[in-house]
Amino acid sequence: MSEQVTITLDGVECLVDPGQMLIAAAEQAGTHIPRFCWHPRLKEVGMCRQCFVEVEGPRGVMMVPSCTQPVADGMVVHTKTPAVKKAQEGILEFLLINHPLDCPICDKGGECPLQDQTLSHGPGESRFVEEKRHYVKPIPVSDLVLLDRERCILCARCVRFADEISGDPLIEFADRGNETQVTTFPDQPFSSYFSGNTVQICPVGALTATAYRFRARPWDLREAASVNPGTTAGDSVTIQASRDELIRVLGVDNDATNHGWLDDRSRFGFQWVTSPDRLRRPLVRGADGTFHAASWGEAVATVAEQLRGVIDDHGPGAVAAIGGARGTNEDAYTLARFMRSVIGSPHLDARLDDALGSRFLATLAGRGRIGDLEKARTILLWGPDLKEEHPTLYLRVRRAAQELGATLIVVHPRATGLDDRATHRFTYVPGSGWDTLSALMAGEGEFAAARAALGEGPVVTIVDQTGLVEDPLLAEAVAAFTRDLPGAGVLPLARRANTYGALDMGVAPDLLPGRVPTSGAAIEAWGDADLSEGLDTRGILEAAVAGRVKALLLVGADPLRDVPDADLARRAVEGADFVVAIDCFLTDSSSVADVILPAAGFGEKEGTVTNLEGRVQKVNALVPPPGQARADWSILDDISTRLGRPMGLQSALAISREISAVAPAYRGVTWFLLDWKERDGVVVPTDSGEQPLQYVPVAPADPTPTKSPRGATFALHLSRTLYDDAVLTRQAPALAGLAGGGFAGLNPADVKRIRADQAVTVEGHRLPVIVDPSLAPGTIHVPFNQPGGPLFAAGAVVRVEAVEAEALDA
Amino acid sequence: MTELRVLTARMVEHPTDSHTLERYLATGGYEGARASLTRTRDDLVGLVKESGLIGRGGAGFSAGMKWSFMAPARPSYLVVNGDESEPGTFKDRQLLERDPHQLIDGMIIAAVANEAHHAFVYIRGEYPKPARRLQQAVVEAYTAGYLGPGIFGSDYDLELTVHLGAGAYICGEETALLNSLEGRRGEPRLKPPYFPAAKGLYMLPTIVNNVETISNLPHILTRGVDWFKGLAHGEDTGTFMTSISGHVNKPGNYELPHGLTWRELIFDVAGGIRGGNTLKAWIPGGASAPWFVPDRHLDLEITKNVTDANGSMLGSGAVIVMDDTTDMVAAAERLVRFYAEESCGQCTPCREGTTWLDMILRRILDGAGRAEDKDLLLDVSDNISVGLAWPPRQTTICPLGPSAVSPIMGLVEYFPDEIAAHLATSPLSGAGGAR
């Protein structure tokens with residue numbers, strides 16, 4: 001930042017940052033200039049004309065809109081003169097003449113800039129005696145957003161957001177003059193993954209969300225700071241509740257993470273918290289094979305008794321835990337301590353066989369930050385479609401490429417949401433990624449320009465498996481190549497919000513709390529514990545099928561839905577002798593458990609979470625859990641007591657102190673610090689001296705020859721989508737109908753070749769065919785976990801057969 | 001009073017084929033374009049500056065000065081504004097329809113001077129025939145090698161595109177025109193940048209000139225600056241084209257020398273007021289110009305400076321004459337309604353204010369006016385055009401909003417009695433009107 005400039009604001013000299021508009025500079029100096037169209041994250045348009053101020057210039061005092069006037073050194077500005085007041089009030093009157101003033105039935109009432117400014121300096125009476133503009137109100141512009149054109153003041157915030165920020169220019173102005181109105185295009189709803197942001201930034205009640213309409217008045221809401229539970233980006237949010245019911249989630253502008261934006265799943269997904277299907281009491285499967293509601297005493301006793309039996313008969317290694325990536329760090333730490341010290345088993349994993357290596361994710365040397373995207377010259381994105389899986393990160397990458405001029409290289413088996421902003425785009429048949437990487441590294445042929453761009457730092461690389469069944473070592477190899485590029489930072493991705501926190505807390509077969517390797521020094525607070533390397537999720541599931549793991553603890557995990565090889569997950573969970581699930585819902589997996597313990601969810605418990613950068617942030621409790629549901633840590637603590645090895649944990653705060661003491665990377669990360677000093681969170685170090693583990697990714701090997709699929713054998717690209725059939729999405733009414741459904745995407749040549757123009761079977765499961773020219777021949781694209789879609793033994797290569805015409809009618 | 005035919009000479013002398021290439025060449029055509037190819041940019045810009053050629057689109061800005069503001073970035077563009085949509089203006093229509101090669105000739109000169117290799121003509125959507133004629137001429141010019149790669153056998157490439165608008169007055173505003181040409185909504189851009197010469201079409205340096213302005217260039221190049229300046233009266237060089245409409249005996253387009261008075265224009269050139277009626281008022285430079293009235297303005301000279309000094313403008317050269325049968329409230333309402341309907345809707349004061357003004361005028365006309373309506377008209381106007389000053393200090397992005405204020409100012413200043421007469425018929429005015 002260059003040096004500050006001096007302006008005289010209403011007679012007072014102020015130092016402000018250069019390069020901003022006067023309206024922002026005045027705000028920096030503590031003077032709020034009224035505005036409607038101006039928004040700090042959108043380009044200025046000077047449309048509403050509300051922000052007039054007077055600026056002294058060589059040609060006398062000029063009345064200018066402060067949102068389009070760049071600040072300059074020595075500028076003399078008046079914001080409160082009679083002339084300014086007259087202009088501002090005149091504009092306000094213009095905005096009000098056609099406004100319906102239906103504040104008493106408007107959701108925005110009480111938090112409405114138009115209402116606030118009218119109250120503070122608007123006229124008491126209207127001089128407008130004619131009929132106001134009338135429109136049908138409201139009209140749906142998408143499944144989630146309604147538009148009331150009578151309330152609209154035509155500030156273009158929504159239009160600009162959709163065009164500039166989310167890249168879905170699906171709403172626009174139509175007509176002109178007095179009849180100008182916001183509209184969608186014919187037969188094209190505003191079906192943006194980011195539509196909810198327009199509701200949040202609308203300065204009047206013109207855009208409302210179906211999920212919030214008529215649910216509350218702003219003055220009745222209580223609120224708390226939290227972190228988006230929908231992605232690993234650690235987006236800052238405010239959660240709001242009315243009558244102890246979570247009712248709204250708003251994005252909070254945080255430079256470090258989301259810039260205030262949220263995707264619609266993150267914004268509306270919280271609805272599962274208030275679902276009537278939430279588990280309220282422990283359920284224990286009786287002798288007759290059905291569940292009955294039990295007291296906590298009975299449930300915990302049953303769990304302890306069964307676990308004791310398994311440990312006695314088969315040893316502690318016959319107990320394993322899967323999950324823990326959806327809770328807080330405090331919950332995860334407790335799970336790690338419970339498994340390794342109370343049970344004495346090293347078999348635990350927060351990943352669900354759909355992630356990169358735990359040491360790679362948690363302790364990668366050269367990990368970058370989201371903020372690095374702001375100054376990146378080149379961005380390499382070799383991972384999932386960010387728009388589907390990491391939508392808020394997608395917005396940051398989009399901004400970097402579109403507004404900040406970064407060169408974006410996208411490598412993915414098919415078209416992605418960022419292709420329109422990519423300078424270089426490469427696709428490959430899943431399985432042949434190693435060849436693609438070798439070619440990119442060598443800068444051969446079509447890769448020459450991209451390779452040259454990678455020589456221009458700073459380079460940010462975003463890596464993960466492009467699909468759920470891709471070799472995770474490929475992503476590591478990409479990271480290994482790019483970490484040596486100039487100014488490199490690598491952002492490895494993972495699914496489920498607190499995966500990084502769980503790994504940092506030691507919910508991994510090869511990690512101990514604070515990014516310490518297994519077989520490291522003993523942990524004093526844990527006493528006698530198994531600190532050896534255990535099995536990961538796939539290993540646990542295979543061991544359960546083989547009968548070596550007898551008892552399974554599922555912590556907020558639904559392996560039947562989440563593990564790509566659904567067949568393996570089913571056999572393992574159904575085959576285990578004893579399954580206990582700590583969960584909020586009866587899921588496919590928990591419903592085959594022996595005991596289900598109801599867990600507290602998002603907004604119901606306090607703690608910390610860690611994002612993909614290693615940024616630790618505080619989440620807060622705002623509403624009580626339903627019924628007798630409790631935080632994971634307290635459930636595990638009870639079981640430990642019953643097992644005769646009490647952990648003696650008193651509170652989440654006490655656990656956080658224990659984490660600080662036990663986990664080297666988390667030393668000094670206190671709730672006090674996060675609550676009061678570092679509201680944007682703190683990034684925990686990856687290279688502290690006390691933390692001996694620093695993971696260097698697997699270097700790219702010579703490409704292993706890959707067989708190009710022949711005949712009707714296809715390379716599978718199994719992708720996650722933003723909306724799917726996962727339990728938390730199904731339980732949010734706003735999102736429940738939005739999943740696209742299962743299909744098989746095929747290249748047109750393949751469709752012709754196997755004569756599958758309507759439907760195919762994939763490993764015996766029938767799916768409708770969608771022609772997708774962006775796929776390389778020999779690839780089949782199947783979205784994962786769709787309503788009505790198959791859950792099958794997904795492997796790298798699958799058998800695909802066309803469905804005969806006569807069978808189509810069946 | 002004699003007309004002075006320069007731009008309109010060919011169409012008057014050869015009314016049947018003035019639009020053809022054959023006729024154009026037979027009357028010395030394209031010599032200006034050829035000559036421009038041998039000269040440097042500085043040379044050409046200097047020449048036009050020296051000629052004193054004033055832009056004929058309405059703002060009255062020196063064409064050469066505009067050219068000299070051209071930013072160094074390339075490519076640059078030339079855009080000819082043929083969106084002649086100011087009510088009462090129809091001079092460019094004739095130039096487009098009846099002497100299109102004169103325009104193309106001038107465009108080549110302007111493009112060469114401004115190093116543009118792609119030129120556009122934006123014609124208003126209501127002008128299908130002029131667009132057709134120009135397109136025909138463009139095809140002829142391409143075929144003859146005057147447009148396209150290596151024009152006139154030189155190494156200079158020039159493409160020319162004719163674009164028809166979709167019927168919006170605001171697209172005559174040069175930045176709205178550029179937005180429209182780019183395929184966006186026709187809405188004026190924010191200033192700064194003040195001049196498209198800095199950032200114009202596709203945010204690249206762009207010269208936007210009016211049809212009449214460009215049509216002057218071949219004459220300046222072939223007959224010389226001295227000849228052009230020789231036509232001058234005071235600071236106004238060349239000729240000026242005016243469209244006279246309304247209550248005169250001989251409405252139409254006239255190309256005239258500078259230095260006439262309004263009395264000469266209305267009573268000599270345009271043949272006086274129809275039916276022996278009395279002149280009541282006239283709009284001197286397009287519908288957005290403040291009104292002139294006989295007892296104050298009839299003997300003023302028709303020059304830019306004199307008109308500006310008397311609180312109006314020559315604008316687009318359109319003169320609308322109103323006789324004593326005119327209801328001035330109705331006239332003002334019709335003008336304000338035009339601006340309300342043509343407001344692009346982008347900025348608040350224009351979108352809401354112009355419609356409101358029209359509603360007030362309409363209720364006065366409908367016999368439902370209120371005693372406070374005159375003050376309300378003035379105060380709403382003041383919120384669009386601060387202090388009701390001339391030239392306007394607008395609260396809007398472009399001058400369209402203040403254009404709706406001009407008729408109201410004229411009405412209130414010169415014809416307050418007519419407002420009072422309408423109010424007297426209203427039961428709501430407190431004037432004891434008819435029930």
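**Conventions.** I number residues from 1 along each chain as its sequence is written, and chains are lettered from A and ligands numbered from 1 in the order in which they are written. Because the model is predicted, local features need pLDDT of at least 70 and side-chain atom pairs count only at pLDDT 80 or more, while totals for chains, interfaces and linings use all residues; side-chain values use heavy atoms, with hydrogens and water left out.

Entry: Of the area that chain B buries against chain A, 23% comes from B:R185, B:E352 and B:W356, more than from any other three residues.

A salt bridge is a side-chain nitrogen of Lys or Arg within 4 Å of a carboxyl oxygen of Asp or Glu, and six salt bridges are counted between chain B and chain A. A:K86 pairs in this way with B:D379, their closest N and O atoms being 3.0 Å apart. Polar contacts (N or O atoms within 3.5 Å; within protein, one must be able to donate a hydrogen and the other to accept it, and residues adjacent in sequence count only if both atoms are side-chain atoms) join 19 residue pairs across the interface, both residues at pLDDT 80 or more.

Helices (H or I, at least four residues) and strands (E, at least two) are DSSP runs, numbered from the N terminus.

Entry: I found about 1300 Å³ of space in the second largest pocket. A pocket is an open set of points on a 1 Å grid over the protein atoms alone, where a 1.4 Å probe fits, with protein on both sides within 12 Å along at least five of seven lines; lining residues have an atom within 4 Å of a point. Volume is the space filled by probe spheres set on the points, which are joined across faces, edges and corners. Among the 36 lining residues, A:E44, A:V45, A:E164, B:N179 and B:R184 are the closest to the centre of the second largest pocket. The largest share of the lining, four residues, comes from α4(A).

**Entry: backbone and a pairing in chain A.** Most peptide bonds are trans. I noted a cis peptide bond from A:K137 to A:P138, with omega near -20°, and A:P138 is in the loop between α3 (113-121) and β6 (139-140) of chain A. A:K137 also forms a salt bridge with A:D148, the closest N and O atoms being 3.2 Å apart. A:D148 is in the loop between β7 (145-147) and α4 of chain A, 11 residues from A:K137.

Another cis peptide bond joins B:P192 and B:P193, where omega is about 0°.

Conventions. Buried area is the accessible area (1.4 Å probe) that two parts lose on being put together, summed over both.
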